[in-house]
Amino acid sequence: MPAPVVDVGVPQRAARTRSRVPLPSAAVWQRLVSPLVIVVVWQVAGAVGLLPEQLLASPVKVLTTAAGLVEEGVLPEAIAVSLQRAAIGFTLGAVAGIGLALVAGLSRIGENAVDPPLQMLRALPLFGLIPLFILWFGIGETPKVALVALGVAFPLYLNTFSGIRGVDGRLAEVARVLRLSRTETVTHIVLPGALAQTLVGLRQSLGVAWLALIVAEQINADAGLGHMINDAREFLRTDVIVVGLIVYAILGLLTDALVRLLERRALSWRQSFLSR
């Protein structure tokens, strides 16, 4: 009698599927050890008096203060104001940076017209422009938003321009063979080819946006996280200062994680290629 045929395909496929499920590695947990040790040492140093509260509040004090600020509504209001400034500045800077990169990247004439003045502006210290912005725009919201927008524009411009010029020239030959118009070539070949580099610029510009906002809100701000930190500095409230800095850091990490998620979705073909 012939031997019975056993279908092992399904168990093997299931085993392969289970093997692809990412498991927390030892390295991930090891990376958490040093931050936890720092927090414990920080707390112990504050408890025994080696680190006075006037210099740096303890972690427990910072958490208690954060809970109190949330309960009073001070922290949510400050976060809302700072997010609004960051969103407006980032949108303006992103539109300007990507738009100028398209002009310079798609045309030699555009490059000669746009790139030299932008490179000159990029060489200027960003925060050195604050006094000039105050003279031009006053002490309201405009100089703060303008500083964020200017900081955002340059990384996006440079990366998008580099991405456009880095598109494989053979794809242009394919476009000519397919008789694509210039608009179709830009839409279907150039922009998708430059997307990866543009997303790198997006991540860089988000970091610059939060850095510029921190500095901008230290100057004549009447609301926002920077205003909260300034008030705390006047009264030597290091716990409030640390709360504000931690919130800035968390917002920066969250926005970076959002862009990384967008990158994984938009460049899913690259992920599948790397997994082979």
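Mentor: On a 1 Å grid over the protein atoms alone, a cavity is a set of points where a 1.4 Å probe fits but cannot get out, whereas a pocket is an open set with protein on both sides within 12 Å along at least five of seven lines; lining residues have an atom within 4 Å of a point. Grid points are joined across faces, edges and corners, and a volume is the space filled by probe spheres set on the points. The model is a predicted one, in which local features need pLDDT of at least 70 and side-chain atom pairs count only at pLDDT 80 or more, while totals for chains, interfaces and linings use all residues. Residues are numbered from 1 along each chain as its sequence is written, and side-chain values use heavy atoms, with hydrogens and water left out.

The structure holds 1 cavity of 30 Å³ or more, and the largest cavity has about 90 Å³ of space. Its lining is formed by Ile130, Phe133, Ile134, Ile139, Pro143, Lys144, Leu147, Ala216, Ile219 and Asn220. Of these residues, 8 are nonpolar, 1 is polar and 1 is charged (Ala, Val, Leu, Ile, Met, Phe, Trp, Tyr, Cys and Pro count as nonpolar, Asp, Glu, Lys and Arg as charged, and the others, Gly among them, as polar). Helix H6 (130-137) and helix H7 (141-165) each supply at least two residues of that lining, where helices (H or I, at least four residues) are DSSP runs numbered from the N terminus.

Helix H7 also takes part in the largest pocket, to whose lining H7, helix H8 (169-177) and helix H9 each supply at least two residues. About 320 Å³ of space lies in this pocket, and of the 17 residues that line it, Leu106, Ile164, Val167, Ala172 and Val190 are the closest to its centre. The pocket lining divides into 9 nonpolar, 4 polar and 4 charged residues.

Helix H9 (residues 182-216) also contains threonine 198, which counts as buried because its relative accessibility is 15%, buried meaning under 20% relative accessible area with a 1.4 Å probe and protein chains only. Leaving out residues up to four places away in sequence, threonine 198 touches Ile98, Leu156, Asn159 and Thr160, a contact being heavy atoms within 4.5 Å.

For the protein overall, the secondary structure comes to 12 helices and 0 strands, and buried residues make up 33% of its 276 residues.

Technical notes. Buried < 20%, exposed > 50% of the residue type's maximum accessible area, 1.4 Å probe, protein only.
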